[in-house]
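Please walk me through this protein and its ligand.

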Amino acid sequence: MKFNDSIQYVKGIGEKRARLFNKLDIFNVSDLLNYYPRDYEDRSQIKDIDDLIDGETVCIKGTVAQLKRTFKAKNGAKITQAVVSDGKSLITVTWFNSPFVENTLSKGGEFTFFGKVQYKGMFPEMVNPVIDRNNAGKTGKIVPVYPLTANLTQQNLRNAVEFAMNNLEEEFVEILPPEILKKFGLISIGEAISQIHFPKDFESFIKARKRLVFQELFIMQMGIFLLKNTKNNYPAEGFSDIHSVRDFVSGLPYELTNAQKKVINEILNDLKKDVPMNRLVQGDVGSGKTVVAAAAMFSAVKSGFQAAFMAPTEILAKQHYENLVKLFEPWGMTVACLTGGPKTKGKAETLKRIASGEIDIVVGTHALIGDDVQFKNLGLAVTDEQHRFGVRQRASLNEKGKKAHTLVMTATPIPRTLSLILYGDLDVSVIDELPPGRQPIQTFAVGENYRPRIFDFIKKNIQKGRQAYIVCPLVEESDLLSAKSVIEYAENVSKKELKGFSVDVLYGSMKQKEKDAVMERFKAGEIQVLISTTVIEVGVDVPNASVMVIENAERFGLSQLHQLRGRIGRGPFESFCVLVCTTNGEIARERMKVMCDTNDGFVISEKDLKLRGPGEFFGVRQHGLPELKIADLAGDIDIMSLAQSAAKEIISADANLSMPQNRPLRNHLINKFNDVGGKNILN
Ligand code: ADP
Ligand code: MG
């Protein structure tokens, strides 16, 4: 059996079952062996019946003292019962709807049972336990529990993994160099994979897991460091005019916060150097990141360069464009906006003016990284709401300038572990202060029965002159269905609850012109209630909007709710966010409570990570980084820092991984990071 063999070569897997395995992304033997258990059952210890504790799941061993034929209970369930003795005490063992166990059991026969113990008064009972006859291998060990898909059983997976493991004719490739294994006390990869599936004991499991978590995080770190190294591998040109940023700042209609000033200084400090800046500005929604980026762009233009500012959506690009025009035109700087769509005359003209250097500052969507966009002299590339873009897109904007500095901004505060991974290639500045006068948003979580009251509340606020958002969730990630749900919602409420008020809709698949028009009218106050999908999630700035209702709030991630909520509370008005939940589960309730209790984005993102796990964490998937199979970002901080120091060590000794002991690692990385330029990274 070879790693590349299709799983159909594994005993017990035919064509039909292979398709079920495929659903789990298992196609060949290597995939199968790298499909790790999600949990384990400890069937290794056999307990005396006298020592059983209510509620525990254990093994007992004994002889069948009595066997009751299967009978039908009043509710129709088929019940099979036995009384088992371990020589000292008795336990009742019951099966529901499994009459075939009668064929396995026999009076006087000895069996091992594994199951959950329940006390009925003084007497212990086990319900639906696993039966092991003649030590057939179902007990007496630690048994893996795998994530499954419909029609596939634990036993199917266990058998397949065991068969593949026992018949393997190839060695596992050790990609960690021997010094690293030794230094960090790691077991070999072959041992680790064998023990992660069928651990001898708890200690072996811990060792196996540590090795695999380490490897996973280490590889990720290596990828990030290599990316960073290539980025810093070219000379940048330091900006000559840093000082006139002071004039720009004093011309602003407001005083910058201390946090904004601090971050601008950090940026300017980078920009004057001949080393490319790679800086991330992290600041909660409304902390004023745009003006910080504007200050850096001002310095670029004053120093004779162009600057680019990339936003994730057209609405946002448009809005930034309008703001930046106001900020820069008084200084005689030219600003252009570039978004997707057909190549019109106007667009061609804009491209020409960018290429000739006539335009100083270009704002746009990812259209900015299109092949048709040529800059004369790009000195600074800014990416707004960075979490919306992949690593690759971020790199491409920066590549538009041979010597460009990079600034990325994100409003999604992320936990420290995650930021090490996602932004390990960046220096980080934090805007940890909101402009003065912001009112905390009051958040309430309610059930659907509150709807009449919610509409009364919206109306009351409109009568005070305010505006409101109602957010409907994306329907199964489908633009079409989401649009439909928004439109239907709007039709219903304009006929009933919000009759007589001005209501309009906004969703992703609308034409750009229509979107712009709606946003214009909302900004101008002509639309009183805007019903939309999450397209309004990032950046939209309408200070007069003070109420947000989020329907099906339980369907959103906490960070996303926080981001959405950041659309209100942007002006001097008291603001309210109402989360409408249609379920009342424990986790949903806990998550809503977090939203009601705090306005602090960092606290929220930590909780989000804990409650949902990193795989689901907002944005992780879009980062272009491989998903983690075994490491737990919330729990493996310690291994994370070990892996990081190992990665640093290797790179500082052998930046290009050309030493013989680093060969397997090198090959692995080139494969793994192929789609983010793995080859280039190591050449
Ligand atoms: P975000 O960090 O979410 O991108 P923005 O840059 O959109 O925030 O800023 C939010 C609002 O706050 C904007 O209307 C902006 O003009 C305003 N603003 C930014 N800095 C300050 C400040 N220091 N004082 C008052 N208002 C500010
Ligand atoms: Mg912003």
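Aspartate 270 lies in helix H9, residues 258-271. Helices (H or I, at least four residues) and strands (E, at least two) are DSSP runs, numbered from the N terminus. This is a predicted model, in which local features need pLDDT of at least 70 and side-chain atom pairs count only at pLDDT 80 or more, while totals for chains, interfaces and linings use all residues. Residues are numbered from 1 along each chain as its sequence is written, chains are lettered from A and ligands numbered from 1 in the order in which they are written, and side-chain values use heavy atoms, with hydrogens and water left out.

Is aspartate 270 buried or exposed? Aspartate 270 counts as buried because its relative accessibility is 12%. Buried means under 20% relative accessible area, exposed over 50%, and partly exposed in between, with a 1.4 Å probe and protein chains only. The side chain of aspartate 270 makes a polar contact of 2.7 Å with the side chain of arginine 279. A polar contact is a pair of N or O atoms within 3.5 Å; within protein, one must be able to donate a hydrogen and the other to accept it, and residues adjacent in sequence count only if both atoms are side-chain atoms. Beyond its neighbours within four places in sequence, aspartate 270 is in contact (heavy atoms within 4.5 Å) with Val275, Met277, Arg279 and His405.

Methionine 277 is one of those partners. Methionine 277 sits in the loop between H9 and strand E8 (278-283). At 2% relative accessibility, methionine 277 is buried. Which residues does methionine 277 touch, not counting residues up to four places away in sequence? They are Ile267, Asp270, Leu271, Leu380, His405, Thr406 and Leu407. Alanine 236 is 41 residues from methionine 277 in sequence, yet their C-alpha atoms are 8.3 Å apart in space.

Now turn to the ligand. Around ligand 1 there are 16 residues, of which Gln260, Gly286, Lys289, Thr290 and Arg438 come nearest. Here a residue is near a molecule or strand if one of its heavy atoms lies within 4 Å of it. The shell holds 4 nonpolar, 6 polar and 6 charged residues. In this count Ala, Val, Leu, Ile, Met, Phe, Trp, Tyr, Cys and Pro are nonpolar, Asp, Glu, Lys and Arg are charged, and the others, Gly among them, are polar.

Glutamine 260 places a polar side-chain atom 2.9 Å from a nitrogen atom of ligand 1. Glycine 286 uses its backbone: an N or O atom there lies 2.7 Å from an oxygen atom of ligand 1. For lysine 289, a polar side-chain atom lies 2.7 Å from an oxygen atom of ligand 1. On its own, ligand 1 has 570 Å² of accessible area, and the protein covers 81% of that. Accessible areas come from the Shrake-Rupley method with a 1.4 Å probe; for residues, only the protein chains shown count as cover.

Next comes serine 575. Where is serine 575 placed? It is in the loop between helix H18 (558-565) and strand E20 (576-581). Serine 575 counts as buried because its relative accessibility is 1%. A polar atom of its side chain lies 3.0 Å from the backbone nitrogen of glycine 569. The side chain of serine 575 also reaches the backbone oxygen of phenylalanine 573, at 3.2 Å. Leaving aside neighbours within four places in sequence, serine 575 is in contact with Pro440, Ile441, Gln442, Ser546, Ile568 and Gly569.

Most residues other than glycine have a negative phi. Asparagine 151 has a positive phi, near 75°. Asparagine 151 lies in the loop between strand E7 (142-145) and helix H4 (154-166), and is exposed at 68% relative accessibility. Asparagine 552 has a positive phi of about 50°. Its place is in the loop between strand E19 (545-550) and H18. Asparagine 552 is buried, with a relative accessible area of 19%.

Finally, the whole chain. The protein chain has 23 helices and 20 strands. Of its 683 residues, 52% count as buried.
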